[in-house]
Structures are given as C-alpha cells and as structure tokens.
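This briefing is intended for a reader who is new to the structure shown below.

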Amino acid sequence: MSIIGVGIDVAEIDRFQEALERTPGLVDRLFLESEVLLPSGDRRGIASLAVRFAAKEALAKALGAPAGLHWTDAEVYVEDTGQPRLRVKGTVAARAAELGVRSWHVSLSHDAGVASAVVIAEG
C-alpha cells in the first residue's frame with residue numbers, strides 16, 4: 001500500500017457558525033442527517049459540525065481537489081470505539097476509485113476555537 005494523497009484543513013468554529021447562520025440551507029448542502037444528529041437524535045454542537053466540515057475539505061485535498069465533488073457524497077462518522085471514519089459514494093467514490101484509493105485514515109480535533117482534520121488516502 002502507498003499513500004495516494006494527504007489533506008489537512010482547519011476551520012475557525014465561530015466563523016463556521018456565522019456562515020451557517022448567514023446561509024439558510026447550508027447545513028443540508030454540506031452534511032447528511034446522520035452527521036448533523038447524534039445517535040440520541042439531538043443536534044450535534046457547532047464544534048462537531050465544524051470538524052466534519054474540515055474533514056470533508058481535507059478529503060477533497062487528498063483527492064487533488066477536483067471540481068464536481070458533492071459534499072454529501074462523503075460522510076464523516078465515528079465508530080463505537082471512538083475512531084473517526086469516512087464513508088464515500090457517488091462523485092467522491094468515483095474520484096477515489098480513479099486514483100486507486102483503497103482505504104482512508106482520518107484524524108479530527110477541535111480546541112481553542114479551531115477545528116482541524118487530516119485525511120490520508122491510501123491505495
């Protein structure tokens with residue numbers, strides 16, 4: 001296996017919240033319902049959404065940031081063990097297949113008002 005791409009992104013949490021408040025419908029364009037809601041059905045906090053956005057940006061960078069990727073064709077989720085994962089379909093899966101991506105590695109963090117994510121595409 002070899003590394004095909006690496007992406008990193010940071011999002012200022014307050015700025016991300018302002019963007020969501022300023023742009024109706026942005027949440028629906030960026031996230032799947034499973035990313036917005038906790039297993040309990042409660043809505044995720046803004047830091048959790050911001051870190052998922054950063055992960056999607058990092059994912060796009062790991063794929064070479066091609067035009068035409070759909071935000072909701074990538075899902076950021078967390079396994080029962082607490083390990084973050086990516087699930088891809090549609091435009092994102094097609095680009096990953098084109099590059100030979102076979103697995104993903106994801107790291108998420110948020111602290112001091114900043115959300116950050118690293119995505120490694122391995123093939």
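An open sheet is formed by 3 strands in the order β1-β5-β4, with antiparallel pairing. Two strands count as paired if DSSP finds at least two bridges between them; helices (H or I, at least four residues) and strands (E, at least two) are DSSP runs, numbered from the N terminus. The model is predicted, so that local features need pLDDT of at least 70 and side-chain atom pairs count only at pLDDT 80 or more, while totals for chains, interfaces and linings use all residues. Residues are numbered from 1 along each chain as its sequence is written, and side-chain values use heavy atoms, with hydrogens and water left out.

**The open sheet**

- The edge strands are β1 (3-12) and β4, each of which pairs on one side only.
- From one strand to the next, the twist averages 10°.
- Strands β1 and β5 pair in the antiparallel sense over 9 bridges, and Ala11 stands opposite Ala115 in β5.
- Helix α1 lies across β1, β4 and β5 and runs at about 80° to β1. Axes are lines fitted to C-alpha atoms, for helices over the stretch in contact, and angles run from 0 to 180 degrees between N-to-C directions.

**The hairpin**

- Strand β2 (residues 74-78) pairs with strand β3 (residues 84-88) in the antiparallel sense over 5 bridges.
- Val78 stands opposite Pro84 in β3.
- The hairpin of β2 and β3 has 5 residues between the strands, and Gly82 there takes a positive phi near 95°.

**Helices α1 and α4**

- The axes of α1 (residues 13-22) and α4 (residues 46-62) come within 9 Å and cross at roughly 90°. The two helices are therefore roughly perpendicular to each other, a term for angles of 65 to 115 degrees.
- The contact (heavy atoms within 4.5 Å) is made by Ile13, Phe16, Gln17 and Leu20 of α1 and by Ile46, Ala47, Leu49, Ala50 and Phe53 of α4.
- By class, this contact of α1 with α4 has 8 nonpolar, 1 polar and no charged residues. Ala, Val, Leu, Ile, Met, Phe, Trp, Tyr, Cys and Pro count as nonpolar, Asp, Glu, Lys and Arg as charged, and the others, Gly among them, as polar.

**Buried residues**

- Ser48 lies in helix α4 and is buried, with a relative accessible area of 15%. Buried means under 20% relative accessible area, exposed over 50% (1.4 Å probe, protein chains only).
- The side chains of Ser48 and Arg52 are joined by a polar contact of 2.7 Å. Such a contact is a pair of N or O atoms within 3.5 Å; within protein, one must be able to donate a hydrogen and the other to accept it, and residues adjacent in sequence count only if both atoms are side-chain atoms.
- Glu35, in helix α3 (residues 33-36), is buried, with a relative accessible area of 0%.
- A polar atom of the Glu35 side chain lies 2.8 Å from the backbone nitrogen of Leu32.
- Leaving aside neighbours within four places in sequence, Glu35 is in contact with residues including Arg44, Arg52 and Lys56.

**Loop residues**

- Arg102, in the loop between α5 (90-99) and β4 (103-111), is exposed, with a relative accessible area of 65%.
- The C-alpha atoms of Arg102 and Gly123 are separated by 4.7 Å, although these residues are 21 residues apart along the chain.
- Ala112, in the loop between β4 and β5 (114-122), is exposed, with a relative accessible area of 72%; its phi is near 55°, a positive value in a residue other than glycine.

Key:
Parallel < 35°, antiparallel > 145°, perpendicular 65-115°, else oblique.
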